[in-house]
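Take a look at the model below. The text then leads through its charged contacts, its sheet and its disulfides.

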Amino acid sequence: MKKILYHFRISLLLGAIIFSTNCRIFAVNTNKPRLTQDATQSSPTIDDQDDNLILPDQPSNKFEFGTDLIIKAVNPGYTVDGTQNVGEFIELQKNIDNSNFSLAGYGIHYTNSSGKSTLLLDFSEGSLMTGETLLMRFARSPDSDRADATYMTTLAMTTGRVELTYRDEVVDWVCWGGGDDCLTSFKSAKPTTLLRDLQNGLFAHVADYEPSFNPTRPSLTIPPPPETLPDDKPSHDSPEATARCYELEFSEILTYYANDKTEQFIELYNRSDTTVIMDQCALRYKKKTYYLSGAIAADGYYAYYPMHHSPSFTLTKNPNSSNTIELLDANGSTIDTLVYNHGQKKSTSYAKFYTSGAEEVWDLTYATTPGNANIYQEFRTCPSGKTINPETGNCVKITSSSKATVCPEGKYLNPLTGRCKKISEDSSTPKPCAAGYERNPETNRCRKIKSDNNGANYALIPNTSSSQSTFIAVGVVILIISLGLIYIILQFRRDIARTARKAIQRLNHVRKDLVARRIRFHRNQKP
């Protein structure tokens, strides 16, 4: 009995200890902040019942990222007062203490809901990140001037994926609205930003986030262009230089190359009196955007060779329909449009010229001048021993004449035939026109003199009398038709009579059937 009481006391003591421990654990858990997560999300999101995002206790140690550059925040922009893409941006942050972090090899890619991937930004060699963060905005956003760089493709609110690549390898990414590893979609009714927590490395929807940007100290330094400007022209660092692309315009284009695609070029002209920096300018061709770089001196020309800048950028040699190339400003607006049509010729450029009346015209020229003022040349340059045939535009061999090298007065030597040809006398008096003809001052040819309408002053009197010949003709037609009908009746009288009897019999059968049906109908009616 004593043993039983002893074991019972021990059991009560152990139960009391376990109960007190559970109470303490429960108290500690109830004092911890809440962390709201979707069932399909691996990152914290906004609580649907509370606008304030509640994050877990922050660990003392910072999260270790596997790359020196990460995506910090993404915002696809929202509709405010009917304006699209207000506030759209992508923000990067570096994880090392390096005031001049090299961005060479890094790129920003965006993938939409249909799986199409677009290169938003590709940092060139020599690009440096001098600040802790780097802000990029959509070029058509009203705040595009408050950014270190701009991109041309807008982000979707429902589904999207942004990737940070290095040497074509994905080093960081964030996605929303699609897949188990993505966060929830953005909502216009509750604007948020996907912001990364640097303590745990996770993204979350956060309201009222404003990225950091200092216009006096931009975080991106772009290398100068490889071209060297003349000594008398301002450089990139000169206060006289401008980054406004709207001072540029299309001047010349060559699409129909002779040997390979590297001959194709697009020429731009700077009509301003200052140097224009093209680092934020772009060309749009067949729904693709290609960014420019370098600078154009005042009143200068710049030749852009597509194959030298992007291997995938080639122009259609001689399109079946019109092809359009747009020149875009830093904010994404269209500055100038170049349309070249079917009819391009090999080794010719389509260039802009001005008439004596300062009227702008585009025409084909055999004198291609990339990077220089345009020169009009109607025909190709023929090799030695050949001359151009103006009728066909082809080079033909010069025929030598052994009989006469000097033509008599009033004639000239035709280089195509090697013969003397009479010089046309344009100043001679033309032959007078025949009687009833006059000379047309426009064509210098004789035309018939139009007689005046002398009856314009007389009233028209309608003629209501019928002609006797018309009456006789109508009578003859009626007589012929009547005779034809009489002949048909006499020739087919038996057949006509047989057909008439059958029709009458058929009508009688129909009448009897109708009478029988009416009788049956009355019989079947209830009294």
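**A walk through the fold**

Glu249, Arg271, Lys352 and Glu360 are linked in one network of salt bridges. A salt bridge here is a side-chain nitrogen of Lys or Arg within 4 Å of a carboxyl oxygen of Asp or Glu. The model is predicted: local features need pLDDT of at least 70, side-chain atom pairs count only at pLDDT 80 or more, and totals for chains, interfaces and linings use all residues. Residues are numbered from 1 along each chain as its sequence is written, and side-chain values use heavy atoms, with hydrogens and water left out.

Glu249 and Lys352 meet through their side chains in a salt bridge of 3.6 Å, N to O. This pair links distant parts of the chain: Glu249 is in strand β16 and Lys352 in strand β25 (residues 349-354), 103 residues apart. Strands, like helices, are DSSP runs numbered from the N terminus; a strand (E) has at least two residues and a helix (H or I) at least four. Glu249 and Lys352 are both buried. Buried means under 20% relative accessible area, exposed means over 50%, and partly exposed lies in between (1.4 Å probe, protein chains only). Lys352 has a relative accessible area of 8%. Lys352 also forms a salt bridge with Glu360, with the closest N and O atoms 3.8 Å apart. Glu360 is partly exposed, at 43% relative accessibility.

The structure holds eight salt bridges. Another of them joins the side chains of Arg196 and Asp172, at 2.7 Å from N to O. Again the pair links distant parts of the chain: Arg196 sits in strand β13 and Asp172 in strand β12 (residues 169-176), 24 residues apart. Arg196 and Asp172 are both buried.

Now follow β13 into its sheet. Which strands form this open sheet, and in what order? There are six, in the order β10-β9-β4-β1-β13-β14, with mixed pairing. Strands β10 (149-151) and β14 (203-206) stand at the edges with a single partner strand each, so one side of each has no neighbour in the sheet. Two strands pair if DSSP finds at least two bridges between them. Strand β13 (residues 193-196) pairs with β14 in the antiparallel sense, over four bridges. Within this pairing, Leu195 has Ala204 of β14 as its bridge partner.

Next come the disulfides. A disulfide is a covalent bond between the sulfur atoms of two cysteines. Here the criterion is a pair of cysteine sulfur atoms within 2.5 Å. A search of the whole structure finds three.

One joins Cys175 and Cys182, with sulfur atoms 1.9 Å apart. The torsion about its S-S bond is about -100°, so this disulfide is left-handed. Cys175 is buried at 3% relative accessible area, and Cys182 is buried at 7%.

Another disulfide joins Cys245 and Cys281, with sulfur atoms 1.7 Å apart. Cys245 lies in the loop between β15 (220-221) and β16 (248-254), and Cys281 in the loop between β18 (276-277) and β19 (282-285), so the pair ties together parts that are 36 residues apart in sequence. This link is left-handed, with -90° about the S-S bond. Cys245 is buried at 0% relative accessibility, and Cys281 is buried with a relative accessible area of 0%.

The remaining link is Cys382 to Cys395, S to S 2.1 Å. Cys382 is in the loop between β26 (360-365) and β27 (386-388), and Cys395 is in strand β28 (residues 395-397), 13 residues apart. Cys395 is partly exposed, at 22% relative accessibility.
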